[in-house]
Amino acid sequence: MGRSRLTLLVLVLVLSYGALRITGVDEDEDEDWGREREREESRERRRRREEEREWQGEEPPFLLKESKHVVKTDAGEMRVVWSFGGRFVEGPLRVGFITMEPKTLFIPQYLDSDLIIFIRRGEAKLGFIYKDELAERRLKIGDLYRIPAGSAFYLVNTGEGQRLQIICSFDTSESSRIGAFQSFFIGGTSPQSVLSGFDDEILENAFNVTHVELQEFLSSQQEGPIVYIPDSRSPRTWAKFLQLKEEDKLKHLKRMVDSNQQGEEEEKKTTWSWRKLLDSVFANRDKKRTGDYKGKGKSPDSYNLYDAKPDYKNNYGWSIAVDASSYYPLRKSGVGVYLVNLTAGSMMAPHVNPRATEYGVVLSGAGSVQIVFPNGTSAMNAEVREGDVFWIPRYFPFCQIASRTGPMEFFGFTTSARRNRPQFLAGASSVLRAMRGPELAAAFGLSEERLRNLTEAQREAVILPSASAAPPLKEEKLPELIRSFGE
């Protein structure tokens, strides 16, 4: 009996020791795991703090304050906005502004980048080469037009006593200089015509002219890339010629040819070649009216933003988005265009562009633009007014708010000609409403009922009213919302 008790006691002691041993190991492992978890959480907190300091310290150039003159003369200027870059570098799109005094000409040139122009103020005549033919378009306020890279063109301010203002975009993705564009001027000496780079003998032979005639041809115009064309400011033959109507241009050229018919035999050969060219033009003048003729080679029409029907409109504003589906010349440009008008105090709902970076120019009024970093901190909350340029990187949440003192209108470009389909983060058409369910409620740590109350509180979509302009909520819904916020 005593021996049995002794055996049982030994067994209990052994089992107790084993249990204590096992418990001790588990406690050690738990302690090590806990310390590792604390270290990991500490590293994560430190990483987030460093990332936030990095975001904030970058001072990203979302508001483009700097600009440089690419062209500047007494007759006009062209400037391009730019920034120093940073963690977020701008894409291949550059936004520019062209200003031309009345009766001025932006001399013929071509670019190594696609150019899209928007007539902000005034009227213009655009001449360009389309399918090996000269086409001309009369453009007015609100008109859009695309000039392909490598296509020679010129611009004339045709507004009577009115300054011409153009907002344009340069797609530099395939330009000869990364991130920049290059003009190749055809006429003039300041900057120098691209023809001037060839040997004189080559050009004399190519044009079939004398050395004296070649020098006159290349060195007569020295006023710069934007010049006056009235007689009082520029009595050049070519400047006068440019102001003539198409029929008069052809008749004038024909008279020039006829007046030289009494020259030497070599000159007669030149005259014949010119006459042959003119005859071919005259023969088709009824079918091919410059820029307006119908047929296979007809140049594209312009697109007027102010004549277009808004894609979205309510009591608080309207918006228009122009992509390749609504204006086919944009298919080859890879650039979209938009125009937004917000009433006083209203706002574009916070949203995300999933396909494109966006560039905006404030046309009138004032307001603010807010942009959010991926880590949920504020990237920019800046006041903007007429003439300011801003850009929003693809995927970054943002919104624009009009000042309460008056409406704000802004225009811009996007880096995609496809339909953008922005994802709204608030309002009646938000992704929160579309995703509403137990999963989203769990993500916010709310009940489904409370989530529904919060996401349904805003009845407007896309363009939202300010708090003072918002209509009162229905009486039966108000207590329910008060209760939900008090929970």
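**A walk through a predicted model**

At 2% relative accessibility, Asn157 falls under the 20% cut-off, so this residue counts as buried. Asn157 sits in strand β10, which covers residues 153–157. A polar atom of the Asn157 side chain lies 2.9 Å from the backbone oxygen of Gln162. Leaving aside neighbours within four places in sequence, Asn157 is in contact with Met100, Glu101, Pro102, Lys103, Thr104, Glu123, Gln162, Arg163 and Leu164.

Glu136 lies in strand β8, residues 133–139, and its side chain forms a polar contact of 2.5 Å with the side chain of Tyr154. With a relative accessibility of 14%, Glu136 also counts as buried.

Arg421 belongs to the loop between β25 (408–414) and β26 (423–424) and is exposed, at 51% relative accessible area.

Now step back to the fold. The chain holds 10 helices and 27 strands. An open sheet is built from 7 strands in the order β1-β23-β20-β25-β17-β16-β15, with antiparallel pairing. Its edges are β1 (63–64) and β15 (312–314); each has a single partner strand, so one side of each is left without a neighbour in the sheet. Inside this order, β16 (residues 317–322) and β17 (residues 336–342) run antiparallel and are joined by 6 bridges, with Ala321 standing opposite Tyr338 in β17.

Elsewhere, β2 (residues 66–73) and β3 (residues 76–82) are antiparallel strands joined by 7 bridges. They form a hairpin with 2 residues between them, and Thr73 stands opposite Gly76 in β3.

What lies inside? Nonpolar side chains tend to be buried together in soluble globular proteins. Here the largest nonpolar core has 92 residues, and Leu305 and Phe411 have the most contacts inside it. This core draws at least three residues from each of domain 1 (64–188 + 224–231) and domain 2 (308–422). Not counting residues up to four places away in sequence, Leu305 touches Phe118, Gly142, Leu144, Ile320, Val322, Val337, Leu339 and Phe411. Across the chain, buried residues make up 41% of the 487 residues. Of the contacts between residues at least 6 apart in sequence, 72% join residues at least 24 apart.

Finally, a word on confidence. The chain averages a pLDDT of 76, and 65% of the residues score at least 70. Over residues 232–238 the pLDDT is below 50, and this stretch has 13 contacts in the model beyond near neighbours in sequence. Residues 469–487 also have a pLDDT below 50, with 19 contacts beyond near neighbours in sequence.

Notes: Residues numbered from 1 in each chain as written. Predicted model: local features only at pLDDT ≥ 70, side-chain atom pairs only at ≥ 80, totals over all residues. Heavy atoms only, no water. Pairing = 2+ DSSP bridges. Helix = DSSP H or I, 4+ residues; strand = E, 2+ residues; numbered from the N terminus. pLDDT = per-residue confidence, 0-100. Contact = heavy atoms within 4.5 Å. Core = buried A, V, L, I, M, F, W, Y, C linked by side-chain atoms within 4.5 Å. Buried < 20%, exposed > 50% of the residue type's maximum accessible area, 1.4 Å probe, protein only. Domains from an automatic or database assignment. Polar contact = N/O pair within 3.5 Å; in protein donor to acceptor, adjacent residues only side chain to side chain.
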